[in-house]
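Here is a short briefing to read alongside your model. Please have the sequence and the 3D view open as you go.

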Amino acid sequence: PSRTVMQFPFTYGNSFVDTSKIDYKDAFSFIAGTDSVRYKNLSYSTATADAWGTTTLSSGTYNSLRVKQVTRAIDSIWAHLVFPPSWLLVQDTDVTDSTFTFWNDTKGYMLAEVEYTDGSITNVQYMDPNPVGIDDPAVRNSNQLVIYPNPSEGIVQVRLENLNEGR
């Protein structure tokens, strides 16, 4: 199953448990005497909305809900031996880390994220949208801007029609 990042609606005190799995095989290998490699990942996580308050970014201050997610990830890399034909464990790791995400009910994405491994901060990121370009209501509210296919997977086409030059 794929990983669940968040469930909605989600309020203070809510929690969920998630299990995800990746099992990928490739018929190519750089290891002599093998004909393929395999990567396996099994993750167990628990997410809990454990605090609420405000999050301040350069774009403003937002009421936010903090969600703590503790994840145990078990990774392994295997090589398939040509002779005798069998899978050989090449590397395995077992890591438990914590992630704190900060959500606002008026945004469609998390405001910020802090990742911890072994009690140390390993990554901090925040989503502070700074739009590129100028909002033109004449284009936005007309049929001049066409985005297709909708819904889409992979490639999205954008077409601007009948625009006046110099705008």
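Residues are numbered from 1 along each chain as its sequence is written, and side-chain values use heavy atoms, with hydrogens and water left out.

**Confidence**
- The mean pLDDT (the predictor's confidence in each residue, from 0 to 100) is 84 for the protein, and 78% of its residues reach 70 or more.
- Confidence is highest in strand E2 (residues 34–57), at a mean of 95, and lowest in helix H1 (residues 137–140), at 61.
- Helices (H or I, at least four residues) and strands (E, at least two) are DSSP runs, numbered from the N terminus.
- Where pLDDT is low, the predicted coordinates should not be read in detail.

**Strand pairing**
- Strands E4 (residues 86–103) and E5 (residues 110–117) pair in the antiparallel sense over seven bridges; pairing requires that DSSP finds at least two bridges between two strands.
- The hairpin of E5 and E6 has two residues between the strands, and Asp 118 in the turn has a positive phi of about 55°.

**Salt bridges**
- The whole structure holds three salt bridges, each a side-chain nitrogen of Lys or Arg within 4 Å of a carboxyl oxygen of Asp or Glu.
- Asp 23 and Arg 38 meet through their side chains at 2.6 Å, N to O. Asp 23 lies in strand E1 and Arg 38 in strand E2, so this pair ties together parts that are 15 residues apart in sequence.
- Is Arg 38 buried or exposed? Arg 38 counts as buried at 17% relative accessibility, where buried means under 20% relative accessible area, exposed over 50%, and partly exposed in between (1.4 Å probe, protein chains only).
- Arg 72 forms a salt bridge with Asp 94, with the closest N and O atoms 2.5 Å apart. Since Arg 72 lies in strand E3 and Asp 94 in strand E4, the pair ties together parts that are 22 residues apart in sequence.

- Asp 94 is partly exposed at 44% relative accessible area, and Arg 72 is partly exposed at 38%.
- In strand E1 (residues 15–26) lies Ile 22, which is partly exposed at 44%.

Terms used:
This is a predicted model: local features need pLDDT of at least 70, side-chain atom pairs count only at pLDDT 80 or more; totals for chains, interfaces and linings use all residues.
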